Amino acid sequence: FLQSGSSFFNEFTAQIEAAKRSISIQTYKLDDEITGQKIAEALIRAVKRGVDVDLVVDGFGSIELNSEFENYLKDNGIQFRFFSKISLFKNLRIGRRLHHKIAVFDQQTAMVGGINLATKYEGTDSQKPWLDFGVLIEGSICKQFEKICFLIEEKAFVGMPKQSPDVATNFSATNINIRQNDWLRKRSQILRSYLMAVQNSEKSIILFASYFLPGYRLRKALENAAKRGVKIKVVLSGISDIPFFHNASKYLYKWLQKNNIKVYEWTPTVLHAKLAVIDGEWMTIGSFNLNHLSAYASIELNVDILSKPFVHEVTTKLKQLIEQGCEEIKYDPNTSWFIRMKQLSAYYSGRVLMNWITFFPNIRNYYSKMVD
């Protein structure tokens, strides 16, 4: 289990340095600042050792990437590509995004989670890192991660089969399962996993959720779990990089507390995590946000882990973070009508905006060339 900050990026760099044959990295955001430069130098050293390096970044998430930095990567032998690079005037493609945060090394080790390759996630001497998480996985399952990366790199999407109806319960012998969400390719495995896990919960649920705007089915599942006596804690960001969506999430605080769901805000930094721990035995972690964009627009990847010792360790860590860095929020019934209307407006405007982004822009080109 990994947490954002220098320890995560030290491990990331160490894995690059140890790679002998291949490295596949896919991320929503790569910066050309301190962290991006450090990773670039490590990847270039790997290329010089004869390692095959593939790097795919999202065209919108990494839209600010300097063209000189892009050319620097390519000139030094890195196979660098944008996923669906944005062109606001010719080809408006802002709905479908590659939201993966995954790196595979020699098909033997993988790092998966919600952490982008950017300085704000590593932190500096003067700025604490955004809070996010990942996992380091070793073993044969990493070949499946490599295959997923290959499908993105080679645009091999047409004809992707539907998932079986029991995607959230067919745990493998290793108790780790890869879950994907790609609605246009008929994959909703992550959303199904969340729903089934909440519906089957018996004791406790802990959610660390950035950009929290869950749909009706998940809200209903949480309501029913609370009625069964399941103790639920939802941890959201007290400091948001998108204030509009922060206000939209605040609109749900009354509903959460009405259903005996405890609400916490992480206050030291921005919370960017996407993580659920249920009954101290099962967890899911990855790139999937509990909102419409992740459910229906973006290409997402999570891992589900069924391992009581490991999940117990993660649960202990999360409880420590809640105690040390979170403030429990109590809904104030005396909240002014102006603030309440502001939150209400943000909530419904946010849902309408996410619907528009998902289904309207460039819908005809979704099945055409996906990687520029």
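Trainee: On the other side of H3, which residues are exposed?
Mentor: Glu68 and Asp75 are exposed there. Exposed means over 50% relative accessible area, buried under 20%, and partly exposed in between, with a 1.4 Å probe and protein chains only. This is a predicted model, in which local features need pLDDT of at least 70 and side-chain atom pairs count only at pLDDT 80 or more, while totals for chains, interfaces and linings use all residues. Residues are numbered from 1 along each chain as its sequence is written, and side-chain values use heavy atoms, with hydrogens and water left out.

Trainee: Which residues of helix H3 are buried?
Mentor: Phe69, Glu70 and Leu73, in a helix that spans residues 67-75. Helices (H or I, at least four residues) and strands (E, at least two) are DSSP runs, numbered from the N terminus.

Trainee: How do you know that they are on the same side of H3?
Mentor: They cover an arc of only 105° around the axis, so they are placed on the same side of H3. The arc is taken from the directions from the helix axis to the C-beta atoms. An α-helix has 3.6 residues a turn, so residues three or four places apart point the same way.

Trainee: What covers the buried residues of H3?
Mentor: The cover includes helix H2 (34-48), strand S3 (52-58) and strand S4 (79-83).

Trainee: Why is strand S5 called largely enclosed by the rest of the structure?
Mentor: Because five of the five residues in S5 (residues 101-105) are buried. Lys101, Ala103 and Phe105 point one way, Ile102 and Val104 the other way, and all are buried. In a regular strand, side chains alternate between the two faces of the sheet.

Trainee: How many bridges join strand S2 to S5?
Mentor: Five, with S2 (residues 22-27) running antiparallel to S5. Strands pair if DSSP finds at least two bridges between them. Ser24 stands opposite Val104 in S5.

Trainee: What makes S5 and strand S6 a pair?
Mentor: They share four bridges in the antiparallel sense, S6 being residues 109-113. Phe105 stands opposite Thr109 in S6. S5 and S6 form a hairpin with three residues between them, and Asp106 in the turn has a positive phi of about 55°.

Trainee: Why is the aromatic pair of Phe80 and Phe82 called edge-to-face?
Mentor: Their rings are 5.2 Å centre to centre, with 85° between the planes. Rings of Phe, Tyr and Trp (its six-membered ring) pair if their centres lie within 6.5 Å; planes under 30 degrees apart count as stacked, over 60 as edge-to-face and the rest as tilted. Phe80 is buried, with a relative accessible area of 4%, and Phe82 is buried at 6%.

Trainee: Which residues do ring pairs link into a cluster?
Mentor: Phe8, Phe9, Phe12 and Phe105.

Terms used:
Contact means heavy atoms within 4.5 Å.
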